[in-house]
Amino acid sequence: MKKLLFVSALFMFAATTVNAQKDSDNSRKNVIKVNPLGLIFGAASIGYERALTDKSSVVVAPTFGAFKLGGFKYSSFGLGAEYRFYLSSTKTAPQGFYAAPGLGFTTGKVKQDGVTSEAKFTSFGAKGVIGNQWIFSSGFTLDLNGGISYNSYKYTDNSGSAFSGLKANGIFPALGFSLGYAF
């Protein structure tokens, strides 16, 4: 966890001090970003956004998680994607106000304290968010968004523990906060 925090801090320092080469029309089409709040809660997310047109972009974000909750230890890996529609009339993608549908898949395992077996889980999700991404002259970016998501979870365990055959689904808030660098 400390290494991940150090790498994130190093990335943010580099992002605010390096001057990337711009396109001839002075626009930045790519953004690399991290979610620093996710690190506090045991989930790291690194995203890449690429502007496809003046009003749209695609975001791909792998996620990694490890945390303890109520006597259970979770670890996971996932991949999320969004297609963003930029709605600002004065700015071009990837900056300004946007709406975005997204999909995600996560797989991992959960282990209960004092129990030798572990269960595996998978999760599929869909979300809809609205947000704003600011790109400052230094290339530093701030991305804030919020909306709703629907997630479906399935647990599998061959040992017959409490997780065996467990399924869950529901509607959850979808909140995003990312810092990054545009180039």
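**Note on salt bridges, cores and aromatic pairs**

1. The structure holds seven salt bridges, a salt bridge being a side-chain nitrogen of Lys or Arg within 4 Å of a carboxyl oxygen of Asp or Glu. The model is predicted, so local features need pLDDT of at least 70 and side-chain atom pairs count only at pLDDT 80 or more, while totals for chains, interfaces and linings use all residues. Residues are numbered from 1 along each chain as its sequence is written, and side-chain values use heavy atoms, with hydrogens and water left out.

2. Asp 143 and Lys 33 meet through their side chains in a salt bridge, at 3.1 Å from N to O. Lys 33 belongs to strand 1 (residues 30-34) and Asp 143 to strand 7 (residues 140-156), so this pair ties together parts that are 110 residues apart in sequence. Strands (E, at least two residues) are DSSP runs, numbered from the N terminus. Both Asp 143 and Lys 33 are buried; buried means under 20% relative accessible area, exposed over 50% and partly exposed in between, with a 1.4 Å probe and protein chains only.

3. A salt bridge also joins the side chains of Glu 49 and Arg 84, at 3.2 Å from N to O. Glu 49 is in strand 2 (residues 43-53) and Arg 84 in strand 4, so the pair links distant parts of the chain, 35 residues apart. Glu 49 has 0% relative accessibility and therefore counts as buried. Arg 84, at 3%, counts as buried too.

4. Arg 84 forms a salt bridge with Asp 143 as well, and the closest N and O atoms are 2.8 Å apart. Because Arg 84 lies in strand 4 and Asp 143 in strand 7, this pair ties together parts 59 residues apart in sequence. Through shared partners, salt bridges join Lys 33, Glu 49, Glu 82, Arg 84, Lys 127 and Asp 143 into one network.

5. The largest nonpolar core has seven residues: Ala 51, Tyr 86, Ala 93, Tyr 98, Ala 100, Val 129 and Ala 174. Such a core is a set of buried Ala, Val, Leu, Ile, Met, Phe, Trp, Tyr and Cys residues joined through side-chain atoms within 4.5 Å.

6. Leaving aside neighbours within four places in sequence, Tyr 98 is in contact (heavy atoms within 4.5 Å) with residues including Arg 84, Tyr 86, Val 129 and Asp 143.

7. A search of the whole structure finds eight aromatic pairs. Rings of Phe, Tyr and Trp (its six-membered ring) pair if their centres lie within 6.5 Å; planes under 30 degrees apart count as stacked, over 60 as edge-to-face and the rest as tilted. Phe 67 and Tyr 74 are stacked because their ring centres are 5.2 Å apart and their planes at 15°. Phe 67 counts as partly exposed at 34% relative accessibility, whereas Tyr 74 counts as buried at 18%. Phe 67, Tyr 74, Phe 121 and Tyr 155 form one aromatic cluster.

8. Ser 45 lies in strand 2 and, at 21% relative accessibility, counts as partly exposed. Ser 45 and Asn 35 are ten residues apart in sequence and 5.6 Å apart in space, C-alpha to C-alpha. Leaving aside neighbours within four places in sequence, Ser 45 is in contact with Lys 33, Val 34, Asn 35, Ala 61, Pro 62 and Thr 63.

Note on methods. Helix = DSSP H or I, 4+ residues; strand = E, 2+ residues; numbered from the N terminus.
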